[in-house]
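Dear colleague,

I am passing on the structure below, and after it I have written out what was found. Please read the notes with the structure open beside you.

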Amino acid sequence: MSNHKIALVGNPNSGKTTLFNAFTGSNQHVGNWPGVTVEKKEGILKYKNKEYDIIDLPGIYSLGAFSEDEIVAMDYVLSNDADVIINIIDSCNIERNLYLTTQLLEMSKNVVLVLNMCDEAQKREIKIDTAALSARLGIPVVTAVAYKGEGIEDIVEAVIKVIDDKKSYDNPVVYNENVLHHIEHIEEILEGCTLPYPTRWTAIKIVEGDNHVLEMIDECGLNEETIKQIKDFHKFHNKDSFELEVVDSRYSFANNVARDVVIRPEKEVKTITDKIDKFLINKYLGIPIFAAIMFIVFQTTFIVGEEIFGGLAADLVEGFGGILEGFLVLVNSPDWLVSLVADGLIGGVGAVIEFVPLITVLYLMLGFLEDSGYMSRAAYVWDNLMRKFGLHGKAFISMIIGFGCNVPGIMSTRTMENKKDRMISMLINPFMSCGAKIPIYVVFIAAFFPNHGALVLFTLYGFGILVGLIMAKVFNNTLFKGESSYFIMELPPYRMPTIKNVLRNMWTNVYDFIARAGTIIFTVVTLMWVLAVLPTSADPYSKESFLGMIGSFLVPLFKPAGFGTWQESVALFAGIPAKEAVVGTLGMLYAGEYMEEGKILVDVIRQHFTHLTALSYMLMVLLYTPCAAVLGTIGRETKSIKWVIFTALYTFLIAWIVAVAVFQIGSLLGFS
Amino acid sequence: MLKEILKTIHESGYFSNGALAAELDVPIEVVIDAINQLVRMGYIKKHERETISPPSCGGCPHSQSCNKEILITYEITEKGLETV
């Protein structure tokens, strides 16, 4: 006589495998279910001189046809191979687990319900009336703590009683009248038919529109009239609405049972996340709150990054430069080498490295915001406004990433399925002021707006966003007409940012900044230096040098914007390979002037610019042609050189118009 | 419950599992399950993020930024729209 078979069914992480191991010990083996890659675990339970075959079915949330695991479990349960089904549920998540239980009950199988992890439920002060639960479901209910081995014997005794009683259980799941009427109608159609599955269950699945069962109907040899009546049912009724009603009925049943038998401790219904969100995603307060948060970020960045640590970094760079120059002179190095190191590298690259503390603080704070879960809220509050400009919240995320570097900002547009949305987001991303531009702003802010650093920086970033939105509207109405995609955002719960994530985010951006200083900027500044000291017939760093000639050629272009010297023009030109090179080049070109006279770059800038020209210069830097890496990324993502050239030209045009307008209007109004 | 969830998220354009759980007076795990059920049944579709990692990304310090998932979005399918 063969052993009785017991199948274990339950949600993942309900303790099913622990129970299986407790039952079988080392008497188990693992294989695969035939024809699929789903693992099959079988074992032998030895109890009071009898043996029982235990089959551990895959962990599933429901019995349907949505995955191989579900199909395997469903087919096995329906095969009548098992004498008893043990349904293991997590006592702390009874509502979620009971959905599967309702489906097992629909199959009219012998089920024993095991409330596992009772110790955990007790810790959380969750009380379950097991007698009431048993009465509601019409099946035995046993409590257990499988990992401790508690309740194992009770479970086995309950299973044996079910086997011996040979009792059948009524399906207690209640459907609404409409669905019930159709289930009964299908049951009548199927009456007398030879089906591989229980008639009632088959009728429920047909009404639900389960494709797996509908395919089975076609193949199980029913007469044509029966099959036609079933197909007519789906022809005349909306399959999808019944599907939702049937599933909803199960959830309602499970929730109602849980509500009746589970007592949870009194707790606030609304979570902290929802209370915070009441303000942060408020229709009217959302964007002002975002603006205020960003202002605080910039203010903190200036106070800590620039005022406290910035000077220290500058002193270190200057000190190191002095030592290095002194050493080179001491060892009788050639003049060109001393010039390259002192003016080119220390003056150029050093001018960029001084901003590492500021960059560090900025990205520390942005990383904190991102890891807290706030950024998805920011995307939501901006979504509404951005839709007026032909964009949406996903574009906001690419913009936020662009504040670090426009390259990943542009790459992140890949998440947009709609091509129009993606193209517009890519083309406006360069207006998001990246980290490389910060040194430029800080030098000019320190020179002309020392008491309003955070406000000026905040205004520049905000203006970049505004220009981006305006251009998005223009593109939406011209080059890329069409509807934006509509989607729903999930707002995850707020969480305490982890130091690891925040530091990793900060380090990513700081490392990139330093690495670029050591590579691209080093290369650009060296190249600029070479051009500045050649030809040898000209004075180094003079208008007659190669660099001076390039700058002089560009002067007429920039003169209407107020910065008409060749040094200022050529520095912008140097910003095409890398934006940090603007400050690097200014530092290198003015290095002789400020280092010899013991001044700092800020003092020299003050001599060559005015408040107004400083503002127009910063606006030019904010908006003009993005760096070569960004242009290359646009080329790769669009697979078109056309968009690279378009981006290079249109951003320059916008920047020029804005810078010229600010300078000319400012001059007319008497600002200097 | 599923219909209510579908209607709520369609009307508001966003959802938080906590807020839905509070509104429906069910545990948050049930809401998570229900959302997954709606995805499985084809009423909503979760936007899966394509992992970006061409060979040139290996040396880029921003390669992690490109693959960072800051925003999780869904789309109500035609089947879902017909229902709501």
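Helices (H or I, at least four residues) and strands (E, at least two) are taken here as DSSP runs, numbered from the N terminus. On that basis chain B has 5 helices and 3 strands, and from the N terminus on its elements follow the order α-β-α-α-β-α-β-α.

This is a predicted model, in which local features need pLDDT of at least 70 and side-chain atom pairs count only at pLDDT 80 or more, while totals for chains, interfaces and linings use all residues. Residues are numbered from 1 along each chain as its sequence is written, and chains are lettered from A and ligands numbered from 1 in the order in which they are written.

On confidence, the model scores ipTM 0.79 and pTM 0.71. For chain B the mean pLDDT (the predictor's confidence in each residue, from 0 to 100) is 76, and 73% of its residues reach 70 or more. Where pLDDT is low, the predicted coordinates should not be read in detail.

Within chain B, the axes of helix α1 (residues 2-12) and helix α3 (residues 28-40) come within 10 Å and cross at roughly 85°; the axes are lines fitted to C-alpha atoms, for helices over the stretch in contact, and angles run from 0 to 180 degrees between N-to-C directions. That makes α1(B) roughly perpendicular to α3(B), given that angles under 35 degrees count as roughly parallel, over 145 as roughly antiparallel, 65 to 115 as roughly perpendicular and the rest as oblique. Here B:L2, B:I5 and B:L6 of α1(B) meet B:A34, B:I35, B:Q37 and B:L38 of α3(B), where two residues are in contact if their C-beta atoms, placed from the backbone, lie within 7 Å.

The contact between the chains takes 49 residues from chain A and 39 residues from chain B. On the chain B side, α3(B) gives the most, with 6 residues, and the residues of that side divide into 20 nonpolar, 10 polar and 9 charged (Ala, Val, Leu, Ile, Met, Phe, Trp, Tyr, Cys and Pro count as nonpolar, Asp, Glu, Lys and Arg as charged, and the others, Gly among them, as polar).

In chain A, A:E325 lies in helix α14 (residues 310-330) and touches A:V338, A:V341 and A:A342, not counting residues up to four places away in sequence.

A:K48, in the loop between β3 (39-47) and β4 (50-56), has phi near 50°, a positive value in a residue other than glycine, and A:K48 counts as exposed because it has 8 C-beta neighbours inside 10 Å. A:N332, in the loop between α14 and α15 (335-353), likewise has a positive phi, about 55°, although it is not a glycine, and with 7 other C-beta atoms within 10 Å A:N332 is exposed.

Lastly, a cis peptide bond joins A:L534 and A:P535, with omega about -5°, and A:P535 lies in the loop between α23 and α24 (546-558) of chain A.

With best wishes

Notes
A residue is buried if 20 or more other C-beta atoms lie within 10 Å of its own, exposed if 12 or fewer, and partly exposed in between; C-beta atoms are placed from the backbone.
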